[in-house]
Amino acid sequence: MQKILRVISIVFIIFFVFSSEVFAQEKATEINALIENAKQLDNKTVTVEGEAVGEPLERGKYCWVNINDTTNAIGVWVNSEDAKQIKKYGDYKNKGDIIRVTGVFRRACKEHGGEADIHNESMQIIKHGYSVHEDISVVKLIIAVMLVLILILAIFFIHKLKIIRLPYHF
């Protein structure tokens with residue numbers, strides 16, 4: 001009996017020591033699912049998560065922020081002050097901040113020319129972006145230079161052998 005009580009007390013101690021606070025978050029909807037189910041989700045509050053891409057398009061107190069979750073992309077109408085939280089936007093040289101946006105989805109927003117969009121109610125940065133350094137493969141560079149040289153030689157010999165008459169001389 002004492003063994004069982006010891007085991008139970010150890011389990012309780014381990015449970016309280018290693019337990020951590022758990023935060024429930026609303027599951028993010030994929031942007032492609034928004035578009036495919038636009039009629040059902042029209043004017044509903046949704047949460048999406050994705051990379052901020054491009055650049056903010058400022059329109060007075062608000063601005064457009066495009067986010068891409070790899071399934072698709074959508075414009076989010078964001079308060080300019082909230083948009084200032086985003087430090088990096090994704091492009092060829094940068095991985096943009098990953099943001100979580102909760103707002104009202106409109107499949108044909110009358111306020112913004114009939115496009116599908118999300119009017120932001122809350123936004124948070126999930127992960128900060130970073131610069132992407134891309135190395136050029138030396139092998140690919142050598143192959144490209146060799147192909148250009150072969151092309152120049154081929155044009156020269158074709159012209160000298162008069163297989164094809166070019167309209168100009170070089």
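Predicted model: local features only at pLDDT ≥ 70, side-chain atom pairs only at ≥ 80, totals over all residues.

Colleague: Why is Ile74 called buried?

Modeller: Ile74 has a relative accessible area of 5%. Buried means under 20%, so Ile74 counts as buried.

Colleague: Where does Ile74 lie, and what is it in contact with beyond its neighbours within four places in sequence?

Modeller: Ile74 lies in strand E3, residues 73–79. Its contacts include Ile31, Val65, Phe105 and Ile118. Contact here means heavy atoms within 4.5 Å. As for Glu115, 41 residues away along the chain, its C-alpha atom is separated from that of Ile74 by 9.5 Å.

Colleague: Why is Ile136 called exposed?

Modeller: The relative accessibility of Ile136 is 68%. Exposed means over 50%, so the label applies to Ile136. Ile136 sits in the loop between strand E7 (130–131) and helix H5 (138–160).

Colleague: What makes E1 and E5 a pair of strands?

Modeller: Seven bridges join E1 (residues 45–59) to E5 (residues 98–106). Pairing needs at least two bridges, so E1 and E5 pair. The two run antiparallel, and Thr47 stands opposite Thr102 in E5.

Colleague: Which strands make up the closed barrel, and in what order?

Modeller: The barrel has five strands, in the order E1-E2-E3-E6-E5, and the pairing is mixed. Direction ignored, neighbouring strands of this sheet are turned by 55 degrees against each other on average.

Methods
Residues numbered from 1 in each chain as written. Heavy atoms only, no water. Buried < 20%, exposed > 50% of the residue type's maximum accessible area, 1.4 Å probe, protein only. Axes fitted to C-alpha atoms, helices over the stretch in contact; angles between N-to-C directions.
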